[in-house]
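Colleague: Could you open the model for me, so that we can go through it together?
Modeller: Of course, here it is.

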Amino acid sequence: MVAQEFTVDLNKPLVFQVGHLGDAYQEWVHQPIPTKEGPRFFESDFWEFLTKTAWWVIPLIWLPVVCYFISKSVLMGHTFPEIALMVGLGIFIWTLLEYTLHRFLFHIETKSYWGNTVHYLLHGCHHKHPMDGLRLVFPPAATAVLLTPFWNMVKLFATPSTTPALFGGGLLGYVIYDVTHYYLHHGQPSKDSLRHLKKYHLNHHFRIQNKGFGITSSVWDRVFGTLPKTKAAEKSR
């Protein structure tokens, strides 16, 4: 007797449904529903509230934290050129971390109940409902938890006086990433560079989802060979 395939009911909270998809989860989650209205995640209003974040909350909360950490290195005697170099290096480190997390964690393939559930919460929901404006940026509570291992990572290779500025630069890189990510989905860029970046990112969502992992740039996709081919290049094959 063949077991009946599980069907997700989009009119009910999704989080505890998607795990039942098993092997079919990967195919389901990469068939986007491009409506601006997002699904309900949880039955509980409290947990549902925690999954939603307006884009402007990110700079409002984290830019003061960035300034605090950078100022600590200033007070320890570093000059402004040195601070600028450390902040720039922190942003550069973030771009690599952004690419690595997106490629190897956010796009990990799952099929178990809890694997599917966690993946959906982490990134799958964004691929299923890519235009959901309240689930495009990372909730601050989750970011706060992840900052501790990031701080400890920076401390491994930096001195006590440079660690705060490097950390602040990395956090600034994250803020730039999250607001850029929101803009690429909902903004209407007039500059060619941003129009290209928007097209590049939406291509990842709607055409080639296993390529194009960069958000703020395509640099690391070029370095690591995950740059998607253009439609013209595909037609010429």
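Colleague: Is L60 buried or exposed?
Modeller: This is a predicted model, and in it L60 has a relative accessibility of 57%, so the residue counts as exposed, the cut-off for that class being over 50%.

Colleague: Which spans does UniProt annotate as transmembrane region?
Modeller: The unreviewed UniProt entry gives that annotation to residues 53–71, 83–101, 136–154 and 166–184. In the model, the span 83–101 is 100% helix and 0% strand, with its end C-alpha atoms 26 Å apart, while residues 136–154 are 79% helix and 0% strand, with a distance of 27 Å between the end C-alpha atoms.

Colleague: Switching to salt bridges, how many are there in the whole structure?
Modeller: The search finds five, and four residues, namely E48, K52, D132 and R135, are linked in a network of them.

Colleague: Why do D132 and R135 count as buried?
Modeller: D132 has a relative accessibility of 7% and R135 one of 10%, so both fall under the 20% cut-off for buried residues.

Colleague: And what about D45, which residue does its side chain meet?
Modeller: The D45 side chain meets that of R40 in a salt bridge with an N to O distance of 2.6 Å; here D45 is exposed, at 59% relative accessible area, and R40 is partly exposed, at 32%.

Colleague: Which residues make the nonpolar surface patch?
Modeller: F46, W47, F49 and L50 make a patch of about 480 Å², and W47, which lies in helix α3 (residues 45–50), is partly exposed at 49% relative accessibility.

Colleague: Last topic, the largest pocket: what is its volume, and which element gives the most to its lining?
Modeller: Its volume is about 1000 Å³, and its lining comprises 37 residues, with L122, F138, P139, A142 and L146 nearest the centre. Helix α7 gives the most to that lining, with eight residues.

Methods
Residues numbered from 1 in each chain as written. Predicted model: local features only at pLDDT ≥ 70, side-chain atom pairs only at ≥ 80, totals over all residues. Heavy atoms only, no water. UniProt positions renumbered as here; feature names shortened; annotations may be inferred. Helix = DSSP H or I, 4+ residues; strand = E, 2+ residues; numbered from the N terminus. Patch = residues over 30% accessible without salt bridge, like charges linked within 9 Å, V, L, I, M, F, W, Y side chains within 5 Å. Areas by Shrake-Rupley, 256 points an atom, 1.4 Å probe, with all protein chains shown as cover. Buried < 20%, exposed > 50% of the residue type's maximum accessible area, 1.4 Å probe, protein only. 1 Å grid on protein atoms, 1.4 Å probe; cavity = no way out; pocket = protein on both sides within 12 Å on 5 of 7 lines; lining within 4 Å. Points joined across faces, edges and corners; volume = space filled by probe spheres on them.
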